[in-house]
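Please look over the model below before reading the points.

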Amino acid sequence: MSAAPVAYRCPDLLVGGRWRPATGEGRREIVDPADGRVLDMLRLAGAADLDEALRTADAAFQAWRAVPAHERCARLERGVARIRADVERIATLLTLEQGKPLAEARAECLMAADLVKWYAEEARRAYGRIVPARAPGSRMDVHKLPVGPVAAFAPWNFPLVLSARKLGGALAAGCSIVLKGAEETPAALAAFVDALAQELPAGVVQLVYGEPAQVSATLIASPVIRKVSFTGSVPVGRALAQLAGQHLKRITLELGGHAPAIVCADADLDRVVPLLAQHKFRNAGQACLAPTRFLVARPLLGRFVDAFDAAARGLRLGHGLDGATTMGPLANARRQAAVRDLIARSRQAGARVLAGDAPVDGCFVAPTLLVEPPADTPALHEEPFGPVACIQPFDTVDEAIALANRSDYGLAGYLYTDSARTIHTVSQRLEVGALAVNGIGVSVPEAPFGGCKDSGHGSESGIEGLEAFHDTRFMHYSA
Ligand code: NAD
C-alpha cells in the first residue's frame, strides 16, 4: 500500500444545517470491493430526515437566492480550495469504497473541484438581456433567476464528478440542493460536500443516503423541489422522469452510453491503441463515456486486436491503494456478477473472447475483448459498464456509421482519421451528444455534456449546465 492510512468511517447525514446521525431503520454495509472487507455500516435516512431536509432546503433557498453572484462565487471558490487541500484524504476514501486506483481517485477529486470552480465563475456571467422596446418609453428585459430547491441523485462510479456537476450548477445559480449520494460510496462524497458546506450558509447544501426509491419519491413529490437531476441507469431514469412528469418538475437525465470508437484505415495504431485502451479500462470500464464498441477498418483488424489485447493484458489488477495497480475491481459484487453474465451470454452468442487473468478475491473481472461479435450479441446492445470491449470490422464509412448508430444509446463517440471528408460525414450523421476526433476528451467543465436517444435529457456542465438551474423571466416596463 502506498497511500497514507486513512480511517474509514461512514458519514452521518448533512441535514438541517448540521451533520447528524440518520434516524431511519435501514442500514447498509460498505465494503472494500478489492478484498471484500466490511469498512463500516451506513445508516439510512428515514421519513423525518427527508422532511427536515425539505423544510431546510425551502428556507435556505430564500436566503441563498438573495446572495449576490459575486459572493456565491467567492464562497464556492473557498470551498474548492478546501477540497484541493484535502485531496489525498478524499481520494483515499474514494479508493477504499469504490475500488479505483488512487491516481484515478485523485484525478476525479480535482476534476470535481474544477467543475464547481467553473460553475462558480460562470455564475458571475449569468447575464440576462435587453430586448428592443416596441413602444416609446417602455423597456423589455430578460432575467435569469434560480429555479428553486433542487433534488439531485448521483451514482457510485464517479461519485465526486457526477455530484459536482449538480452541486456546482445548483449552488452557483443560487439554488439550494438536497443531494442523494450513492449508498455504495458515501464517505468520499461526504468529505467533498463538507468542504463546500463549511463556506456556505447552513442548509444550502444537504446530503442524504437512504433507500433510493423512497428518497426520490419523497423529494420529487414535494412542492418544495423545483428541479430534479439524475445520473444513473435508463430504467431508474425512466421511473424518475415519470415521477417528475406527474409533478411537473424540470428534470435533467444522464443515463449512460455505449460509445462507438471508429478507427479508420489511415489511423496510426501506435498512437490510437494505447489512448483507447487507457480510456476503455479507466475505472475498470465503469464510465458512461467509455468507448465500448470498437469499429475498426477491416485491413487494420488483426493488428488492432493484437495490440489492444496486449495493452489489456499489460494492466496490473489489484487494490487501488497499491501504487503499482493500473486497474481496480468493479465497484461491487452486483456489478461483477452482471459483467460476468454479459460476457458469458456474449460468448454463447458467438463472440470470440480474449481475456487475461484476474485476482480471485474481490470484485475483479479481467479486461475482456469480444472480437467480431454477431449482430445479436448482448454486449453490443446492453451497456457493458465494465472492462469489456467489443471489436467489429467495417468496410466503408457508411457501414461504420450504421453500426455505430445501431444502439439505443447516444452519449459519446470517438473517431480516428485524418480525412476531413470522413470527419465531416461522421460528425453530420453520428447520433451522439459528444464526439472526440483523434483524442478522447468529451467531458470538460466548460462544455456541455449530455446525450441523445436513451442516454438522457438535457446537458450538464458548460453554460447549458448552469442554464438548467435557471428560470427565465421576461419583464416589460411601460412608460
Ligand atoms: P441502478 O440503476 O440500480 O443504480 C444506479 C444509481 O441510481 C445508484 O447510485 C442508485 O443508488 C441510484 N438509484 C437506484 N434506484 C433509484 C431510485 N429509485 N431513485 C433514485 N436513485 C436511484 O444501477 P446499478 O446496478 O448501480 O448499475 C446498473 C447500470 O446503471 C450500469 O450498468 C450502468 O448502465 C448504469 N449506470 C450509469 C451511470 C452513469 O454514469 N450514467 C452510473 C451508474 C450506473
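1. Basis. This is a predicted model, in which local features need pLDDT of at least 70, side-chain atom pairs count only at pLDDT 80 or more, and totals for chains, interfaces and linings use all residues. Residues are numbered from 1 along each chain as its sequence is written, and side-chain values use heavy atoms, with hydrogens and water left out.

2. Aromatic pairs. The structure holds six aromatic pairs. Rings of Phe, Tyr and Trp (its six-membered ring) pair if their centres lie within 6.5 Å; planes under 30 degrees apart count as stacked, over 60 as edge-to-face and the rest as tilted. One of the pairs is F281 with F308: the ring centres are 5.9 Å apart and the planes stand at 45°, so this pair is tilted. F281 belongs to helix α9 (residues 269–281) and F308 to helix α10 (residues 301–313), so the pair ties together parts that are 27 residues apart in sequence. Helices (H or I, at least four residues) and strands (E, at least two) are DSSP runs, numbered from the N terminus. F281 and F308 are both buried; buried means under 20% relative accessible area, exposed over 50%, and partly exposed in between (1.4 Å probe, protein chains only).

3. A further pair. F294 and F304 also form a tilted aromatic pair, with 6.1 Å centre to centre and 40° between the planes. F294 is in strand β13 (residues 291–297) and F304 in helix α10, 10 residues apart, and the pair links distant parts of the chain. Both F294 and F304 are buried. Ring pairs join F281, F294, F304 and F308 into a cluster.

4. Charges over rings. Which ring lies under the charged end of R139? That ring is Y477, with the charged end 4.6 Å from its centre. K227 lies over the face of F469, at 5.7 Å from the ring centre. A charge sits over a ring if NZ of Lys or CZ of Arg is within 6 Å of the ring centre and within 35 degrees of the ring normal.

5. Helices α7 and α8. Helix α7 (residues 212–221) packs with helix α8 (residues 234–246) at an angle of about 25°, and their axes are 9 Å apart. Axes are lines fitted to C-alpha atoms, for helices over the stretch in contact, and angles run from 0 to 180 degrees between N-to-C directions. α7 and α8 are therefore roughly parallel to each other; angles under 35 degrees count as roughly parallel, over 145 as roughly antiparallel, 65 to 115 as roughly perpendicular and the rest as oblique. The contact is made by S216, A217 and I220 of α7 and by L240, L243 and A244 of α8. Contact means heavy atoms within 4.5 Å.

6. Positive phi. E372 has a positive phi of about 45° although it is not a glycine. E372 is in the loop between β15 (368–371) and α12 (378–381), and is partly exposed, with a relative accessible area of 40%. S461, likewise not a glycine, has a positive phi near 65°. S461 is in the loop between β21 (456–457) and α15 (462–467). Is S461 buried or exposed? S461 is buried, at a relative accessible area of 1%.

7. H476. This residue is in strand β22 (residues 470–477). H476 is partly exposed, at 43% relative accessible area. Leaving aside neighbours within four places in sequence, H476 is in contact with S138, R139 and M140. The C-alpha atoms of H476 and E29, 447 residues apart along the chain, are separated by 56 Å.

8. L162. Helix α5 (residues 159–173) contains L162, which counts as buried at 3% relative accessibility. Neighbours within four places in sequence aside, L162 is in contact with A154, P155, N157, T231 and E254. Between the C-alpha atoms of L162 and K227, 65 residues apart along the chain, the separation is 16 Å.

9. V437. Strand β19 (residues 434–437) contains V437, and V437 is partly exposed, with a relative accessible area of 32%. Not counting residues up to four places away in sequence, V437 touches L415 and I423.
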